[in-house]
Amino acid sequence: MEQKAGFLLHLVCGVLAVLLSSSVVKAEDPYKFYTWTVTYGTLSPLGVPQQVILINGQFPGPRLDVVTNDNIILNLINKLDQPFLLTRNGIKQRKNSWQDGVLGTNCPIPPNSNYTYKFQTKDQIGSFTYFPSTQFHKAAGGFGGINVYARPRIPVPYPTPDGDFTLLAGDWYKSSHKALQQSLDSGKSLPFPAGVLINGQTSNTFSGDQGKTYMFRISNVGLSASLNFRIEGHKLKLVECEGSHTIQNMYDSLDIHVGQSVSVLVTLNQAPKDYHIVASTRFTRLVLTATSVLHYTNSHTSVSGPVPAGPTGQIHWSMEQARTFRWNLTANAARPNPQGSFHYGKVTPTKTIVLANSAPLINGKQRYAFNRVSYVNPDTPVKLADYFNIPGVFSLNSIQTTPSDGSASLATPVMPVSHHDFIEIVFQNNENSVQSMHLDGYDFWVVGYGSGPWTPAKRTTYNLVDTLTRHTAQVYPNSWTTILASLDNQGMWNLRSAIWERQYLGQQFYLRVWNPVQNLANEYTIPSNALLCGKAVGRHT
């Protein structure tokens with residue numbers, strides 16, 4: 001009898017264990033809810049009162065601290081006098097370009113109205129940002145940090161830091177965003193920036209204990225200038241770059257280009273005093289600098305002495321540093337296998353796209369273009385036009401996949417590509433300034449940098465072993481950068497210059513990643529709360 005009872009108890013426990021494990025596997029990922037109100041405010045970041053954009057009264061906006069696979073429900077209330085959108089730089093919006101927050105996918109939120117974004121940090125970790133994509137709002141603020149932490153069961157390749165600091169650095173103007181936009185609309189380029197800010201100020205203090213190690217999450221949220229970041233007397237250990245765990249090299253300073261993010265570990269192993277934190281512009285005749293303070297909690301000595309100088313090397317130095325950023329192939333990513341089901345270096349691209357940036361005058365006004373085509377935002381988002389089969393909004397053949405000679409033109413180009421293609425994109429920069437290129441919906445492998453014109457023979461120089469993935473890549477003057485992208489995310493995705501004047505004046509287009517099999521396994525349906533505008537008004541979602 002006792003033996004039978006023991007058997008029954010063992011059986012019941014086993015069934016319960018199976019049920020419990022099944023419920024854990026099937027449990028829905030956590031939800032996090034936010035309500036953000038966007039308003040104007042008056043601040044003096046560079047000592048002159050000016051209109052800025054606040055989110056919940058904050059400049060920069062609130063930081064989103066989330067975990068891999070969290071579902072984010074963000075109700076955005078627009079109290080500005082202009083339509084408004086937010087986009088998340090580097091958040092992939094898996095199968096969900098409906099939530100990307102750019103004018104090609106979403107109607108802007110009208111004044112005194114709201115929209116609820118619903119998106120997921122699916123299979124991602126790392127340091128990212130959000131910012132306004134409408135008008136020239138980015139020049140007024142409205143940006144903030146997004147920190148995606150690993151789930152507890154997924155180890156990271158470094159000890160848990162003793163603290164975590166987010167630094168949003170970028171060039172800044174004293175003019176209002178409306179004045180800057182008016183200047184661009186009149187056909188003029190932007191003037192040189194007035195300064196550099198870190199977290200919306202010219203100076204901040206970051207405090208830590210001697211002997212402890214802290215993570216600094218640094219993003220370039222500016223409009224145009226590459227930055228060099230350094231901390232006096234301290235080494236920077238690079239551990240993550242836009243969602244990729246990196247080989248943990250040590251650096252005295254790091255170049256961070258517009259739209260890019262990195263995470264570094266800094267050990268407070270120096271004498272107890274205060275030290276300069278510096279972000280200064282790169283490749284500019286006049287070097288603009290913002291300084292903050294690294295304060296040891298047992299320090300009794302204020303920061304003093306000259307600000308530590310940046311690197312003396314220029315383009316070649318920066319390109320060589322970029323080549324040292326490598327993927328940590330032995331570390332877990334947001335999922336246990338960072339390689340996925342294939343290795344990027346062993347896949348033959350199905351298509352090569354070569355994009356040459358340019359700065360043409362069209363109708364006497366300054367514009368910017370890819371392959372001689374300068375993008376014009378239509379009244380109807382191209383994603384809605386595609387979904388509702390609305391003709392005349394965009395063109396699938398107005399931009400070519402290779403550069404050609406001739407005059408530039410205005411259009412609304414969408415480049416068709418196939419779902420699950422593996423593509424090679426070459427950014428060819430024949431201009432004399434550094435470019436920064438971004439693709440929504442994806443990260444990509446930056447396999448090569450080189451000087452002069454790209455040719456197929458340059459493929460022999462590619463890193464096909466351990467280059468990292470990221471969402472924004474710099475292209476040096478009179479040089480090229482090549483990326484490889486696995487098009488596993490169906491939707492309408494913005495490929496653009498991250499230098500905001502160039503994006504605003506046309507250096508962008510959309511990739512239509514298409515699969516003729518339409519189902520939820522490939523792409524989510526249009527949200528029930530989707531805003532409709534232009535020719536989509538009156539259509540049924």
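Does Lys383 count as buried or exposed, and at what relative accessibility? Lys383 counts as buried because its relative accessibility is 7%, buried being under 20% relative accessible area, exposed over 50% and partly exposed in between (1.4 Å probe, protein chains only).

## Basis of the model

The model is predicted: local features need pLDDT of at least 70 and side-chain atom pairs count only at pLDDT 80 or more, while totals for chains, interfaces and linings use all residues. Residues are numbered from 1 along each chain as its sequence is written, and side-chain values use heavy atoms, with hydrogens and water left out.

## Salt bridges

The whole structure holds 17 salt bridges, each a side-chain nitrogen of Lys or Arg within 4 Å of a carboxyl oxygen of Asp or Glu. In one of them, Lys383 pairs with Glu523, with 2.5 Å between the closest N and O atoms. Lys383 is in helix H4 (residues 382-387) and Glu523 in the segment after E35, so the pair ties together parts 140 residues apart in sequence. Glu523, at 9% relative accessibility, counts as buried. Helices (H or I, at least four residues) and strands (E, at least two) are DSSP runs, numbered from the N terminus.

Asp440 and Arg496 form another salt bridge, at 3.0 Å from N to O. Asp440 sits in the loop between strand E29 (435-439) and strand E30 (444-451), and Arg496 in strand E34, so this pair ties together parts 56 residues apart in sequence. Both Asp440 and Arg496 are buried. In the salt bridge of Asp488 with Arg94, the closest N and O atoms are 3.2 Å apart. Asp488 counts as partly exposed at 33% relative accessibility, and Arg94 counts as partly exposed at 27%.

## Sheets

Four strands form an open sheet in the order E3-E8-E7-E5, with mixed pairing; two strands pair if DSSP finds at least two bridges between them. Strands E3 (64-67) and E5 (86-89) are at the edges with a single partner strand each, so one side of each has no neighbour in the sheet. From one strand to the next, the twist averages 25 degrees. E5 runs antiparallel to strand E7 (residues 126-132) and is joined to E7 by four bridges; Arg88 has Tyr130 as its bridge partner in E7.

An open sheet of five strands, also with mixed pairing, has the order E11-E20-E19-E13-E17. Strand E13 (residues 227-231) is antiparallel to strand E19 (residues 274-281), with five bridges, and Ile231 has Ile277 as its bridge partner in E19. Helix H3 (residues 315-323) lies across E13 and E17, at about 95 degrees to E17. Such angles run from 0 to 180 degrees between N-to-C directions of axes, which are lines fitted to C-alpha atoms, for helices over the stretch in contact.

## Nonpolar cores

A nonpolar core is a set of buried Ala, Val, Leu, Ile, Met, Phe, Trp, Tyr and Cys residues joined through side-chain atoms within 4.5 Å. The largest has 48 residues, and Phe427 is among those with the most contacts inside it. Strand E35 (residues 508-514) gives the most to this core, with four residues. A second, separate core has 42 residues, including Tyr214 and Val264.

## Surroundings of Gln181

Gln181 is in helix H2 (residues 177-185) and counts as buried at 11% relative accessibility. Leaving aside residues up to four places away in sequence, Gln181 touches Gln135, Phe136 and Tyr504, contact meaning heavy atoms within 4.5 Å. The Gln181 side chain reaches the backbone nitrogen of Phe136 at 3.1 Å.

How values were computed
Polar contact = N/O pair within 3.5 Å; in protein donor to acceptor, adjacent residues only side chain to side chain.
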